[in-house]
Amino acid sequence: MTDTHAHDHDHHGHDHAHDHDHDHDGHDHDHHHHHQHGPARVFTVTVAAPSQTRRVLSVQVPAEELEKERAAVLKEMARQIRVPGFRKGKVPPGFLQKNYADVIQSDAVRNLLPDVYEQALDKEHLHPLGEPVFENVKLADGGVTFDVKIDVRPEVKLQGYEKVTVDVPRRSIADQDVDQAVESLRERLAAFDTVSRPAAPGDHLVIDYVPLAADGTPEEKQAAKDYSVALDSDSLLAEFREGLAGMKAGDEKEIRVKYPADFGDERVAGTERAFQVKVSAVKEKLLPELDDNFAKRIDETAGTLLELKLRIRRQLESEEETRHRREVDEKIIDAIIEANPFEVPEVMVENYLDSLIEEDKRHTGNPGSDPAREQEIRELFRNSAVRMIQKYFVMDAVRRQEKIELSADDVNQRIQLLAQGLGKSPEEIRQMVSHPERRRGFESDLVEEKTMRFLRDHAVVKSA
C-alpha cells in the first residue's frame, strides 16, 4: 500500500479540490449540493459523527473507477502533450504510460476527489460549512481511499422555549434623574467670562506650557500654546490642579508632576516631570438660569421649564423601557440555551472572529498582521462569538418549530413605520429595500423581531 498525496504534482497549474464554493462566513448555511459534480462516480462512503457539528466521511473508490479516470487522463494527455520526436496528438499511449505513470496517477486521484466528495455529500444529504479537509489519501488494492472532515450545523430541536421565566428588575425614573439630565444640558449651554482674579475651582484656564528636560532646559518640540484646561476636570493630574489654582492671567511658574503607574501613556507612566506653565487667561463658567427661557433654548417647542422636565422624563422612561426589553430578550435566550445545550460549529466562531480582526485592521488603519493583538481579540471576543451563534441557532429553531413567517401585512406595516420615521413616502422606502441583498436583510430582521416577540409574549417576566 503506497501513500500518495492528491496534491503532490500539479501539472495543469490548477487545483481541482477547490473548484467548489463553500460558505466562508458561516452564515449562509444551507448549501444544497444537488448539482452533480462531474460524471457519476462509483464509490462507497461511511459517515462518522465525532461531535454534533463535525462529520468525517470515509470514502473508498474501487480499482475500476480509478482505472477509468486514469484512461481519461491518458486520453487528454495524448491530445495535449508535446514530446520531442512526435507530432502533437500522435504520442503512443504506451510511451506515456511508461514515462508519465506518476503524473497520470496523481491527476486521476486529483480529478476523482472533488467529484466523489460532492456526490458523497448529495448521497448522505450533508450541507457543509466552510472548506472540507481531505486527509489520509491512500492507494489501496488498485483503488483509492480518503477521509474528509467537514463542519455542519448542529441539529437544534428546542424544548420549553414557550414557557420561560425571567427576572429583570425595572429602574424607575426619579426626579433626581431628571434634574441630572437638566444639569448636563445646562453645562452644555455654559458661557465663559474672562476674569482678572486668581483661578478658583470651576474655572477654565488658557495656558502655554513646555516640558523641561532633566537639566531644566525647555523641550520646545513638545511645547503647547493656548491649551484649554478645566480646573475640575477628572483627567487633570492633581499636581496640575493644585499648581494652577490661584494663578492669574500673566502668571508663570514651574509645576512638577508624578505620573501614576497606570497612566494611559506608557512612555511617561510612573515617571516625574517638570513643566514651565504660563497662564494667558482665566475664565469663569457662567451657567444659564433654570427658567422658561432656558427651556426654550433647549427645545423651542417646550414653552416652560416644567414642560421640558416632563419631556425629559418621558425620554428617560422610554430609554429605560428599551433597555429593559433588551435585557428581557437576552435573558430569555440565555434560559433557552441553558435548557437546550448544543455545540456551535468551530468554523462559524472562527469566521466571526476573523471578521472582527479585519474590522479592527480597517478601524486602526493598520493592514499588517499583529499576532499578539489578533490573539487578544480572539480571546476577548470568543465567548460573545459563541453566544451570538447560539442565539442565531435558537432563533432559527424557534422560527422553524413555530413556522413563523412574514405576512404581506408585516412588511407593509414596517414600511409605513419607516416612512413616517424618515419623512419619506412608503414608495420611496419600498424602492430602498428592493435591492435583493437589502431585501434579505430587511426581511430577516423582521422575522427575527417576530420570533423574539413570540418568545417575549410567551415568557413570564418578573420585573419587581
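**Figure 1. Overview of the predicted protein chain.** Of the 464 residues in the protein chain, 37% count as buried, where buried means under 20% relative accessible area, exposed means over 50%, and partly exposed lies in between (1.4 Å probe, protein chains only). This is a predicted model, in which local features need pLDDT of at least 70 and side-chain atom pairs count only at pLDDT 80 or more, while totals for chains, interfaces and linings use all residues. Residues are numbered from 1 along each chain as its sequence is written, and side-chain values use heavy atoms, with hydrogens and water left out. The secondary structure of the chain comprises twelve helices and eleven strands, which are DSSP runs (helices H or I, at least four residues; strands E, at least two) numbered from the N terminus.

Figure 2. Because 19 of the 24 residues of α3 are buried, the helix is largely enclosed by the rest of the structure. After α3 comes His125, whose phi is positive, near 55°.

Figure 3. Leu422 belongs to helix α10, which covers residues 408-422, and with a relative accessible area of 48% Leu422 is partly exposed.
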